[in-house]
Amino acid sequence: MKALDELTFDNRFARLGDAFSTHVLPEPLDAPRLVVASPAAMALLDLDPNVAETPVFAELFGGHKLWAEAEPRAMVYSGHQFGGYTPQLGDGRGLLLGEVYNEAGEHWDLHLKGAGMTPYSRMGDGRAVLRSSIREFLASEALHALGIPSSRALCVIGSDTPVWREKQERGAMVLRMAHSHIRFGHFEYFYYTKKPEQQAELAEHVLNLHYPECREQPEPYLAMFREIVERNAELIAKWQAYGFCHGVMNTDNMSILGITFDFGPFAFLDDFDAHFICNHSDHEGRYSFSNQVPIGQWNLSALAQALTPFISVDALKEALGLYLPLYQANYLDLMRRRLGLTTAEDDDQKLVERLLKLMQNSGVDYTLFFRRLGDEPAALAVTRLRDDFVDLAGFDAWAEQYKARVERDGDNSEEQRRARMHAVNPLYILRNYLAQNAIAAAESGDYSEVRRLHEVLSKPFEEQAGMEQYAQRPPDWGKHLEISCSS
Ligand code: AMP
Ligand code: MG
């Protein structure tokens with residue numbers, strides 16, 4: 001276990017130099033205080049969890065203090081936003097403080113979001129509000145606990161600093177961690193600004209540090225792109241299987257590591273709705289729930305374009321062709337498990353599609369349906385779940401097919417079925433209304449609800465005593481909450 005001043009830095013991205021990032025110091029928050037910390041994320045840095053409660057912790061992650069070895073940098077990138085190219089983006093309110101190595105030899109970027117203005121702030125104030133910082137913190141840690149690759153969050157630091165959004169709010173900082181903060185938009189930036197040398201340096205950097213096994217391949221850059229395609233197909237299959245809607249899948253929010261990255265007006269589905277749009281400024285539904293699948297491919301094509309100096313167009317196209325079949329195979333595999341199936345049959349895709357259609361038409365809770373389906377043997381479970389559906393004849397027909405399918409699946413002792421299904425079907429997810437409750441309390445100075453919610457979500461598959469209220473459908477006020485895009 002380490003104390004805060006014992007972290008070991010090795011700032012590899014900073015060493016790429018001024019063409020890639022700009023040195024900027026964090027701008028401190030007034031009266032910084034700990035809102036919430038993640039012991040699991042602290043463990044990744046070998047940090048003693050008790051240090052979160054010390055004043056120096058809030059000072060470090062509230063922008064007041066800095067390790068001597070840190071080299072805070074704002075990264076430059078660009079990207080396609082809602083389908084159109086924006087030539088100049090970058091860390092407008094976040095700083096890569098440095099890269100820390102843990103005892104296992106893993107390195108973690110420490111990125112402080114909400115750290116003040118940078119050369120890339122454009123019209124923004126460089127700040128993040130408490131509300132959006134709590135949402136990012138809870139979502140990153142909750143996704144990780146669900147087994148969905150994501151950036152991590154060490155802590156949220158609150159403050160007295162006024163920040164103006166639709167109304168006056170308070171500034172906060174979230175300390176984000178990832179093995180890399182390099183986005184698709186980094187490659188696009190050097191491609192569209194026609195800087196081939198830096199473009200090559202960036203590609204070498206990513207290959208050496210994050211895809212070293214691709215070095216062994218005859219075409220290392222192609223192997224790396226293929227791997228990025230595969231990781232994104234797997235990631236988006238998980239989003240779709242668990243009902244996560246990212247909301248702003250611009251290419252500057254897509255990680256080169258295939259992890260969930262940059263949280264805005266994201267949402268987990270309550271009722272199943274394939275057409276759900278969580279970002280209320282997304283008028284055309286470009287980033288609707290079901291569109292995440294083709295948009296994943298669109299974003300990979302944008303990255304492919306930026307890699308044309310290194311890889312032939314034919315090879316890029318072939319690699320892009322892997323995305324959809326891989327997505328489908330991963331998705332179907334996850335959905336089979338969610339249904340408790342251990343074998344594969346040709347018609348399973350149809351079984352899933354029919355169920356989702358019925359759920360869509362009846363507004364059935366996406367998370368609780370699967371959890372309850374695993375509570376009991378199939379025949380009993382479907383009888384109980386039947387009441388949630390409006391189209392009873394439709395549900396009965398599906399239930400007959402499902403029961404027959406479960407029968408053919410074989411080994412289905414009641415206990416095994418329950419254990420197997422509960423291990424993949426969470427009881428607790430980050431519902432918008434739960435986040436909203438925690439935010440409202442935190443805004444009035446009570447951080448206990450954020451902390452409790454974080455703890456519950458860190459074990460989403462385990463039924464926790466006394467936490468029934470976190471496993472409920474939203475009350476009327478909490479359905480279809482409009483989440484502000486300003487953050
Ligand atoms: P996002 O929608 O959060 O992915 O942000 C898109 C771009 O706007 C990124 O370059 C951000 O750094 C920048 N940005 C967002 N909010 C602010 C802000 N309050 N101040 C400065 N830059 C911002
Ligand atoms: Mg972003």
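How are α10 and α11 oriented to each other? They are oblique to each other, a class for angles that are not under 35 degrees (roughly parallel), over 145 (roughly antiparallel) or 65 to 115 (roughly perpendicular). This is a predicted model, where local features need pLDDT of at least 70 and side-chain atom pairs count only at pLDDT 80 or more, while totals for chains, interfaces and linings use all residues. Residues are numbered from 1 along each chain as its sequence is written, ligands are numbered from 1 in the order in which they are written, and side-chain values use heavy atoms, with hydrogens and water left out.

**Helices α10 and α11**

- Helix α10 (residues 348-362) packs on helix α11 (residues 366-373) at about 125°, with the axes 11 Å apart; helices are DSSP runs of H or I with at least four residues, and axes are lines fitted to C-alpha atoms over the stretch in contact, with angles from 0 to 180 degrees between N-to-C directions.
- The crossing of α10 past α11 is right-handed, meaning that the near helix is turned clockwise from the far one by less than a right angle.
- Leu355, Leu356 and Met359 of α10 meet Tyr366, Phe369 and Phe370 of α11, where contact means heavy atoms within 4.5 Å.
- This contact of α10 with α11 has 6 nonpolar residues, no polar and no charged ones; Ala, Val, Leu, Ile, Met, Phe, Trp, Tyr, Cys and Pro count as nonpolar, Asp, Glu, Lys and Arg as charged, and the others as polar.

**Helix α16 and its partners**

- Helix α3 (residues 130-146) and helix α16 (residues 448-457) have axes that come within 9 Å and cross at roughly 20°, so α3 and α16 are roughly parallel.
- On the α3 side, Ile134, Phe137, Leu138, Glu141, Ala142 and Ala145 meet Val450, Leu453, His454 and Leu457 of α16.
- The contact of α3 with α16 divides into 8 nonpolar residues, 1 polar and 1 charged.
- Helix α15 (residues 432-443) comes within 7 Å of α16, axis to axis, and crosses at roughly 150°, which makes α15 roughly antiparallel to α16.

**Around ligand 1**

- Ligand 1 has 16 residues around it, and Gly90, Gly92, Asp125, Gly126 and Asn253 come nearest; a residue is near if one of its heavy atoms lies within 4 Å.
- A polar side-chain atom of Arg93 sits 3.2 Å from a nitrogen atom of ligand 1, and a side-chain N or O atom of Asp125 is 3.0 Å from a nitrogen atom of the ligand.
- An oxygen atom of ligand 1 lies 3.4 Å from a side-chain N or O atom of Asp262.

Definitions and conventions. Helix = DSSP H or I, 4+ residues; strand = E, 2+ residues; numbered from the N terminus. Polar contact = N/O pair within 3.5 Å; in protein donor to acceptor, adjacent residues only side chain to side chain.
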